[in-house]
Every structure is written in structure tokens, then in C-alpha cells.
Amino acid sequence: MRTPHLVDDIAEVLVSEDQLRHKVAELGARLSADYASRPLTLVSVLKGSLPFMADLMRAITIPLTLDLMEVSSYGGAVTQTSGLVRILKDLSASIEGKDVVIVEDIIDTGLTLNYLMRYLRGKNPQSLKICALLDKPARRLVDIDIDYRGFSIPDRFVIGYGLDYAEFYRNLPFIGVLRPEVYGAS
Ligand code: IMP
């Protein structure tokens with residue numbers, strides 16, 4: 001891959017910093033209201049959800065605990081998921097009997113989350129819900145009920161605000177689309 005140029009490689013901004021800020025505040029307020037009477041456990045999926053999780057937790061005004069998982073897909077091209085999921089980092093604490101919300105960056109085919117939901121359900125939480133910043137419904141291969149959804153986006157490969165192409169661009173503060181020549185040069 002050629003050396004990435006952060007902003008110069010962006011063809012289009014799909015979701016601006018301002019839109020992200022407003023949506024995160026809205027999701028935080030909803031979660032605060034829905035879990036007002038019970039402690040909330042957020043389980044974030046690294047690495048893509050890192051900025052979303054950091055902002056969302058600060059928009060939540062009720063007590064909560066955090067845990068982190070890291071998963072990766074087996075094989076597949078850089079811009080496609082294979083459906084096979086490998087757990088690189090597991091939960092640090094038991095979620096048995098807890099009210100858990102999975103915090104995800106993007107749901108594309110749904111295969112990663114489908115696997116994670118089955119895995120986490122097996123650990124007997126009291127409840128298990130999904131909060132996803134981005135939803136790409138056009139590419140869905142399995143049905144996923146998204147309880148808290150940020151933005152529904154078209155079928156385009158996006159980067160920024162945690163999302164990567166070949167591990168770069170995660171530090172952009174907005175969600176954008178890369179210029180086609182960036183993929184061509186990889
Ligand atoms: P799924 O299993 O197809 O739903 O894919 C989920 C994972 O694929 C996400 O957590 C991302 O890591 C990655 N992914 C899917 N679409 C994109 C994208 O447009 N940009 C960056 N990563 C993506």
C-alpha cells in the first residue's frame with residue numbers, strides 16, 4: 001500500500017464531526033433513560049469502536065461498567081468480511097446476570113455481530129442489546145436487530161472515527177469515503 005495521506009485521500013465526507021457529536025449525544029441520552037433503574041455494562045469491540053465508545057460513555061449519565069473485546073475476521077480481502085471470526089481479546093469479567101449493550105462501529109454483513117451475540121448469550125447475561133454507530137443494510141447476510149442505531153449508510157466502504165483501511169485512517173474525526181485510487185494502489 002502507498003503511504004496514506006489522511007485528509008488528501010478522502011473523496012467525500014459521509015458523516016461530519018458535528019453529525020457524529022449530535023448522534024452520540026442522542027444515543028447516550030436514550031441509553032441513560034432506558035437503563036436508569038439498572039446498572040449498564042458496555043462491551044465494546046476493538047479496534048473500530050474505540051472513538052465511538054469513548055464518546056458514547058461520556059454521553060451516558062448513569063452508572064456503567066466497561067469491558068473490551070477484540071475480534072478479527074479470518075481471511076477475506078481488506079474491504080470484505082469472511083464471516084469467520086477469531087477472538088483476539090476476550091471479556092475480562094463475567095457478564096452473567098448483567099444488562100449488556102454491545103457497542104459496535106459498523107454492521108455490514110452482520111456476520112461478526114451474529115457470531116458475537118451467540119458467544120455472549122452463552123455467558124448468560126440478564127439482557128443483551130446492540131448499539132451500532134453505522135448500519136449498511138444493503139449488504140446484510142443475517143438478520144440483526146439493532147436496538148440503538150446511529151446512521152444508516154449506503155453500500156460504500158467507509159473510514160474514519162475508528163474505521164480503517166489496511167489499519168490506517170482510524171484517527172480521522174469524521175466518517176469518509178476514500179478516493180478510488182487509494183484502493184487501486186494497494
Ligand atoms: P460484518 O461482519 O460484515 O458486519 O463486518 C463487521 C466488521 O467489518 C466491522 O466491525 C468493521 O471492522 C468491518 N467493516 C465493515 N464495513 C466496513 C467499512 O465500510 N469500513 C471499515 N470497516 C468495515
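Me: Which elements each supply at least two residues of the lining of the second largest pocket?
Reply: That would be α3 and β6. Helices (H or I, at least four residues) and strands (E, at least two) are DSSP runs, numbered from the N terminus. This is a predicted model, where local features need pLDDT of at least 70, side-chain atom pairs count only at pLDDT 80 or more, and totals for chains, interfaces and linings use all residues. Residues are numbered from 1 along each chain as its sequence is written, and side-chain values use heavy atoms, with hydrogens and water left out.

Me: Where does the largest share of that lining come from?
Reply: From α3, with five residues. The lining includes L113, N114, M117, R118 and R121, along with L128 and D143. A pocket here is an open set of points on a 1 Å grid over the protein atoms alone, where a 1.4 Å probe fits, with protein on both sides within 12 Å along at least five of seven lines; lining residues have an atom within 4 Å of a point.

Me: How far apart are Y115 and Y119 along helix α3?
Reply: Four residues, so about one helical turn separates them.

Me: And the other pair?
Reply: F157 and Y165 have ring centres 6.2 Å apart and planes at 80 degrees, so they're edge-to-face.

Me: Is Y165 buried or exposed?
Reply: Y165 is buried, with a relative accessible area of 3%, while F157 is partly exposed at 22%. Buried means under 20% relative accessible area, exposed over 50%, and partly exposed in between (1.4 Å probe, protein chains only).

Me: Which residues touch the most other members of the largest nonpolar core?
Reply: F52, L56, L134 and I175, out of 28 residues in that core. Such a core is a set of buried Ala, Val, Leu, Ile, Met, Phe, Trp, Tyr and Cys residues joined through side-chain atoms within 4.5 Å. α1 gives the most to it, four residues.

Me: What else is L134 in contact with, beyond its neighbours within four places in sequence?
Reply: Its contacts (heavy atoms within 4.5 Å) include D105, F151, V158 and I175.

Terms used
Phe/Tyr/Trp six-rings, centres within 6.5 Å; stacked < 30°, edge-to-face > 60°.
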